[in-house]
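This report describes a single protein chain for a reader who meets it here. Please consult the sequence and the structure shown below while reading.

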Amino acid sequence: MFRNKMKGNFIAYIFAALLIFTIQGCGVKYSLGGGTIPEDMKTYSVEIFENISPFVSATLSQTFTEGLKERIRTQSKLSQVNQDGDAMFSGVITNYAITPAAVEAGTDRAALNRLSITVKVKYVNRKDETGESDFEESFTQFKEFRGEVSTQEMTLNQDIVKMLTEDVFNRAFNNW
């Protein structure tokens, strides 16, 4: 009898564990790929985003510009053209700043720093004659890090550019 009770408990534990894993694995996944791009829109163009920030990262202009092109290329069916696309993106990088995010206890040194990047984007939808979908807006993203920025700068920039290009894409094509 003890053995049957133990076997029953074992099965109950296995069932409970499977139930927990199943519930935790369930969730809603949202996909924004493709967005709400008008059917008559076929092309896009992205001008070089010049870095006019007081603190300049040498490769950020190219990294952001290419990142935005790549985001649109991979998440839409639009074809890239050098200029005068149906969707046109232009703008400047207005801020590149490193600020302390947390101070180390007992010292005046930063235990955690924050790298922030702000881009001002102008979007023109040449297929929308009303101009209602056009915008000129600033987007800011940041990453926090420990230690010296010089050893992490390239990775931090890439991570922030991914977040920024997602924001720009969503604003242009998903009205977010």
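Phe89 is buried, at a relative accessible area of 1%; buried stands for under 20% relative accessible area, exposed for over 50%, and partly exposed for values in between (1.4 Å probe, protein chains only). The model is a predicted one, in which local features need pLDDT of at least 70, side-chain atom pairs count only at pLDDT 80 or more, and totals for chains, interfaces and linings use all residues. Residues are numbered from 1 along each chain as its sequence is written, and side-chain values use heavy atoms, with hydrogens and water left out.

Tyr123 is likewise buried, with a relative accessible area of 1%. Aromatic rings of Phe, Tyr and Trp (its six-membered ring) pair if their centres lie within 6.5 Å; planes under 30 degrees apart count as stacked, over 60 as edge-to-face and the rest as tilted. The whole structure holds eight aromatic pairs. In one of them, the ring centres of Phe89 and Tyr123 are 5.0 Å apart and the planes stand at 45°, so this pair is tilted. Because Phe89 belongs to strand 4 (residues 87-103) and Tyr123 to strand 5 (residues 110-125), the pair ties together parts that are 34 residues apart in sequence. Helices (H or I, at least four residues) and strands (E, at least two) are DSSP runs numbered from the N terminus. Phe89 and Tyr123 also form one aromatic cluster with Phe135, Phe139, Phe169 and Phe173.

The largest nonpolar core has 31 residues, of which Phe64, Ile72, Phe89 and Phe173 touch the most other members. Such a core is a set of buried Ala, Val, Leu, Ile, Met, Phe, Trp, Tyr and Cys residues joined through side-chain atoms within 4.5 Å. Two or more residues each come from strand 1, helix 2 (60-75), strand 4, strand 5, strand 6 (135-145) and helix 3 (153-173). Helix 3 gives the largest share, eight residues. Contact means heavy atoms within 4.5 Å. Leaving aside residues up to four places away in sequence, Ile72 touches Tyr44, Val46, Leu78, Phe89, Phe169 and Phe173.

Thr43, in strand 1 (residues 43-46), has 17% relative accessibility. Asn157, in helix 3, has 3% relative accessibility. Beyond residues up to four places away in sequence, Thr43 touches Leu78, Ser79, Val81, Gly85, Asp86 and Ala87, while Asn157 touches Ser57, Leu60, Tyr96, Leu115 and Ile117. Their polar contacts are tabulated below; a polar contact is a pair of N or O atoms within 3.5 Å, where within protein one must be able to donate a hydrogen and the other to accept it, and residues adjacent in sequence count only if both atoms are side-chain atoms.

| Side chain | Partner and distance |
|---|---|
| Asn157 | side chain of Ser57, 3.3 Å |

The chain as a whole has three helices and six strands, in the sequence order α-β-β-α-β-β-β-β-α. Of its 176 residues, 32% are buried. Among contacts with a separation of 6 or more, 68% join residues 24 or more positions apart.
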